[in-house]
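Please look over the sequence and the model shown here before reading on. The report is meant to be read alongside them.

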Amino acid sequence: MNDGGILNIALPKGRLGEKVYAMLEKAGYPCPEVIGDTRKLIFENPDAGVRYFWVKPSDVAIYVERGAADLGVAGKDILLEYEPDVYELSDLRTGICRMAVAAKKGFRDDPGKTLRVATKFSHIARMYYAGKGRDIDIIHLNGSIEIAPILGLSDVIMDIVETGTTLRENDLEVIAEVLPISARLIANKSGFRFKYDRIRALTEALAELVNSGKGGVKA
Ligand code: PRP
């Protein structure tokens, strides 16, 4: 079978990507320059058969869906929000956090009124409240969502909660849990066929690491 050549892997820039790279290195796919002090975005280790590139976390799925990357790592939040046409191969059990609804302390929902929801995750919010038959007005923001209820822009927010520090420090509290989130390994659909053997080998090596608990893969 054709070994498919080098694997192109899109990593999410930032803390999650660094954790995931550490896992890939342990799993036998090193490319140390990736975490070096440089502004370069593409790195290759032909001996390990990998080419890594750093992209914005919310863009990983686009690179993978369109075949610019064979593999990538994206949070379940991104996959649910954008519903990219990719294979979700495994749960890497890192980048663990949750999607939650939060509001100012003491907030009381009035079911008779349209609920104003500020979020980066408009699609997830629509699905969540449609499931509850709740009438909402989505206020789509791109960051610092926590400010919205403080300034009266929204009644609640739907956002990622990891340690809870951002909510606490802004006097907000979780009023509903929406879903648990973790990082997923995703694959381009045709790349998966053409590079099946190499992708399977990488997926199995990562799975072994995740299951052994030796990956240093805590959230
Ligand atoms: C995320 C999220 C929360 C924060 C939660 O923001 O949107 O603001 O992390 O983390 P915590 O529970 O550990 O405090 P991010 O850092 O991605 O920045 P953003 O405001 O641009 O979304």
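This is a predicted model: local features need pLDDT of at least 70, side-chain atom pairs count only at pLDDT 80 or more; totals for chains, interfaces and linings use all residues.

Residues are numbered from 1 along each chain as its sequence is written, and side-chain values use heavy atoms, with hydrogens and water left out.

**The chain as a whole**

The protein chain has eight helices and 11 strands, where helices (H or I, at least four residues) and strands (E, at least two) are DSSP runs numbered from the N terminus. Along the principal axes, the C-alpha atoms of the protein chain fill a box of roughly 60 × 35 × 30 Å. Of the 219 residues in the protein chain, 47% are buried; buried means under 20% relative accessible area, exposed over 50%, and partly exposed in between, with a 1.4 Å probe and protein chains only. Among contacts (heavy atoms within 4.5 Å) in the protein chain with a separation of 6 or more, 68% are between residues 24 or more positions apart.

**The five-stranded sheet**

An open sheet is formed by five strands in the order E8-E7-E9-E6-E10, with mixed pairing; two strands pair if DSSP finds at least two bridges between them. Its edge strands are E8 (136-140) and E10 (172-181), each of which pairs on one side only. From one strand to the next, the twist averages 25 degrees.

Within this sheet, E9 (residues 156-161) pairs with E6 (residues 97-104) in the antiparallel sense over six bridges, whereas E7 and E9 run parallel and are joined by three bridges. Because five of the six residues of E9 are buried, E9 is largely enclosed by the rest of the structure. Helix H4 (residues 122-131) lies across E6, E7 (115-119), E8, E9 and E10, and runs at about 170 degrees to E8, the angle being taken on a scale from 0 to 180 degrees between the N-to-C directions of axes fitted to C-alpha atoms, for helices over the stretch in contact.

**Strand E11 and its partners**

E11 is mostly covered, since five of its five residues are buried. Both of its faces are covered, with Ala183, Leu185 and Ala187 buried on one side and Arg184 and Ile186 buried on the other. E4 runs antiparallel to E11 and is joined to E11 by five bridges, Gly72 standing opposite Ile186. E5 (residues 87-91) also pairs with E11 in the antiparallel sense, over four bridges, and here Ser90 stands opposite Leu185.

**Nonpolar cores**

A nonpolar core is a set of buried Ala, Val, Leu, Ile, Met, Phe, Trp, Tyr and Cys residues joined through side-chain atoms within 4.5 Å. The largest has 27 residues, and Leu11, Tyr52 and Leu202 have the most contacts inside it. At least two residues of this core come from each of E1 (7-12), H1 (15-26), E3 (50-55), E4 (71-75), E11 and H8 (196-212), with H8 giving the most, five residues. Apart from this core lies another, of 18 residues, among them Cys97, Ile124, Ala125 and Ile181. Leaving out residues up to four places away in sequence, Tyr52 touches a set of residues including Ile9, Leu11, Tyr21 and Phe43.

**Around the ligand**

The residues surrounding the ligand include Lys120, Gly143, Ser144, Glu146, Asp159 and Thr163, a residue counting as near if one of its heavy atoms lies within 4 Å. The table gives polar contacts (pairs of N or O atoms within 3.5 Å; within protein, one must be able to donate a hydrogen and the other to accept it, and residues adjacent in sequence count only if both atoms are side-chain atoms).

| Residue | Part of the residue | Distance to a ligand oxygen atom |
|---|---|---|
| Ser144 | polar backbone atom | 2.9 Å |
| Glu146 | polar side-chain atom | 2.6 Å |
| Asp159 | side-chain N or O atom | 2.7 Å |

**Asn188**

Asn188 is found in the loop between E11 (183-187) and helix H7 (189-194). Asn188 counts as buried because its relative accessibility is 7%. The side chain of Asn188 reaches the backbone oxygen of Glu65 at 3.3 Å. Leaving aside neighbours within four places in sequence, Asn188 is in contact with Val64, Glu65, Arg66, Gly67, Ala69, Asp70 and Tyr87.
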